[in-house]
Amino acid sequence: MSGESRTRVNGWSIAGRTVAITGGSAGIGKAAALALAAMSAKIVIVGRDHDKHQSVLGLIAAAGGKASLVEADLSDLSQVARAGHILRDLDPPLTVLINNAGVAGIRGVTVDGFELAFGVNHLAHFLLTRLVLTSMVANGPARVLSVSSEAHRAFRPTDWGRVTGSTRSMTGIPEYRRSKAANVAFTVELSRRFAGHGVAAVAIHPGVIATGI
């Protein structure tokens, strides 16, 4: 494989681009951060666990890559907003956003009063994406990739009012499905509105793999 081919994804050069990834301390986010850094992308990880993320940054640095951390708890929209403002002003500018972080099978409520899975998996990424879109359009071509799940197919949109307050189910799985359906709906609309402005939006099902989630 040539040096040039090792810096391209589906024919799109990633070398020298700034890539932001939420939840890069383990699983899909960590794997993506390491792989893209090896392809000469500049990585910015957004996450709350300082020590775990520093470990990943160390691995990237040891391999000769470039990476930094923007600390933010995605269950707190004020912290998400702060992170969005930082990403919006990056130099070189952000051109790839990977909305990866998520929770599943746990119960709770966010700082802002939203059901935990909906707040972390969808609302945090919705806000983060909206805050950086203007910059991404100005510095495109750009891409927004959201890690969803085939679980969204089992969601039945019967009660969107349940997105506030603590998780109601015992397993948290119905709420997870709803959050993943929201990821997909947001991606479809984002693609419709911004494809003509140089921003490609995609949602993926990563497959049934062993991650911390």
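In which hand, left or right, does α4 pass α5? The close-ups below come from a predicted model, and the opening view takes up this crossing.

**Figure 1. Helices α4 and α5 pass each other in a right-handed crossing.** Here you see helix α4, residues 116-138, beside helix α5, residues 173-194. Their axes come within 8 Å and cross at roughly 15 degrees. Angles under 35 degrees count as roughly parallel, so that is the term for α4 and α5.

**Figure 2. The contact of α4 with α5, side chain by side chain.** From α4, the residues taking part include Phe-118, His-122, Phe-126 and Leu-133. Among those that α5 brings are Tyr-176, Ala-182, Phe-186 and Leu-190.

Figure 3. Glu-189 meets Arg-192 at 2.5 Å, N to O, and Arg-193 at 2.8 Å, N to O. Glu-189 and Arg-192 are three residues apart in α5, and therefore separated by about one helical turn. Glu-189 is partly exposed at 28% relative accessibility, while Arg-192 is exposed at 60%.

**Figure 4. Arg-88 and Asp-89 pair in a salt bridge.** Their side chains meet at 3.9 Å, N to O; the cut-off is 4 Å, so the pair counts. Arg-88 is partly exposed, with 34% relative accessibility, and Asp-89 is exposed, with 56%. The model's salt bridges come to three.

Methods
Residues numbered from 1 in each chain as written. Predicted model: local features only at pLDDT ≥ 70, side-chain atom pairs only at ≥ 80, totals over all residues. Heavy atoms only, no water. Axes fitted to C-alpha atoms, helices over the stretch in contact; angles between N-to-C directions. Helix = DSSP H or I, 4+ residues; strand = E, 2+ residues; numbered from the N terminus. Parallel < 35°, antiparallel > 145°, perpendicular 65-115°, else oblique. Left-handed = near helix turned anticlockwise from the far one by under 90°. Contact = heavy atoms within 4.5 Å. Buried < 20%, exposed > 50% of the residue type's maximum accessible area, 1.4 Å probe, protein only.
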